[in-house]
Amino acid sequence: MPEGDALFRFARRVDGALAGKTIVRARAQGPGPVPQVERLIGVVCVGARSVGKNLLIEFANGLVLRGHLRMYGTWHVYRPGQAWRRAEREARLVLEVEDFVVVNFSAPVIELLESRALPSYPPLAGLGPDLLDDNFDPLEALRRFRDPLRADLTIGDAIMDQQVMAGVGNIWKHETLFRCGINPWRRVRHLDDDELLRIVATARDLLRASVGKPDGRGIARRPEMYVYLRSGQPCRRCGTRLVSARQGVDIRYTTWCPRCQPGEGEPASANSLVEP
Ligand SMILES: [Zn+2]
């Protein structure tokens, strides 16, 4: 699943292609509700930005396109006439300016909204502070972790709750908790403020390292993976065999090092099978 850092990179590329330019062609197709993107033809694009895992493209007529990729969606930027790397029938949205073609493939959510409605729009309004926002406030994330509704969540689930802080998905959940030495099965109520703030700061460092410098140069390979998709392999730090178990509402595998991430609450079924 694309995470906050991937969305940030998509937004930077889409912004570079469209910002300040007039849309000359626009089309959208299903599956799913089809936004009336013809309303964007002849309109100047103001810019694109990511908010958590959402990509927002704003226009001078007060409209904004919101895309959410969930598991399979992606954004491509092409030059006019350049061959696409995926089939045209998979394109959900195509926006063309004079010198670029921006294509969304397979996003389950593409919708056209009024900019002024965004602050109160439910998918965005409930989001926690964005880890890639320059004004990110770690104490606000801490306050949201401390909501009584989250006290009994495992940290492996709570760290991906976009209403606590926006941007962490499955990869950075794994890597953040390993780097902090925190067992993913510990309950939020058993973590002290220092531990939660260390988790917040580490997640932010990892996402920022992954997106590279603000000018878009020197981007960043992703930081080395210690545990993500490494179940059954030796820990890169201590050599202990990494274990995994299903966790969370979407019951995907979580992998951790039992020695570097000690803690209560590991399920009895934890094993070192390689995840499917
Ligand atoms: Zn280890």
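This report walks through the domains, a sheet, a helix pair and some backbone details of one predicted model.

Because the model is predicted, local features are described where pLDDT is at least 70, side-chain atom pairs count only at pLDDT 80 or more, and totals for chains, interfaces and linings use all residues. Residues are numbered from 1 along each chain as its sequence is written.

**Two domains**

Let's start with the overall layout. The protein chain is divided into domain 1 (4-125) and domain 2 (138-256), with bounds that come from an automatic or database domain assignment. Their centres, taken over C-alpha atoms, are separated by 29 Å. Eight residues of domain 1 are in contact with eight residues of domain 2; contact means that the C-beta atoms of two residues, placed from the backbone, lie within 7 Å. On the side of domain 1 that touches domain 2, helix H1 gives the most, with five residues. By class, that side has two nonpolar, two polar and four charged residues. Here Ala, Val, Leu, Ile, Met, Phe, Trp, Tyr, Cys and Pro count as nonpolar, Asp, Glu, Lys and Arg as charged, and the others, Gly among them, as polar.

Helices (H or I, at least four residues) and strands (E, at least two) are DSSP runs, numbered from the N terminus. Strands of a sheet pair through backbone hydrogen bonds, either parallel or antiparallel.

| Strand pair | Residues | Bridges | Opposite residues |
|---|---|---|---|
| E3 and E4 | 54-59 and 63-68 | five | Ile57 and Leu65 |
| E9 and E10 | 243-247 and 252-256 | five | Ala245 and Thr254 |

Strand E9 is mostly covered, as four of its five residues are buried. A residue is buried if 20 or more other C-beta atoms lie within 10 Å of its own, exposed if 12 or fewer, and partly exposed in between, with C-beta atoms placed from the backbone.

**Helix H1 and its partners**

Axes are lines fitted to C-alpha atoms, for helices over the stretch in contact, and angles run from 0 to 180 degrees between N-to-C directions. H1 also packs against helix H6 (residues 193-211) at an angle of about 35 degrees, with the axes 9 Å apart. Gly4, Asp5, Phe8 and Arg9 of H1 make this contact with Leu207, Ser210 and Val211 of H6.

**Backbone details**

Most residues other than glycine have a negative phi, and most peptide bonds are trans. The peptide bond from Gly30 to Pro31 is cis, with omega near 10 degrees, and Pro31 lies in the loop between strand E1 (25-28) and E2. Ser106, in the loop between strand E7 (101-105) and E8, has a positive phi of about 65 degrees. Leu229, in the loop between H6 and E9, has a positive phi of about 60 degrees. Is Leu229 buried or partly exposed? Leu229 counts as partly exposed, because 15 C-beta neighbours lie inside 10 Å.

Methods: Two strands pair if DSSP finds at least two bridges between them.
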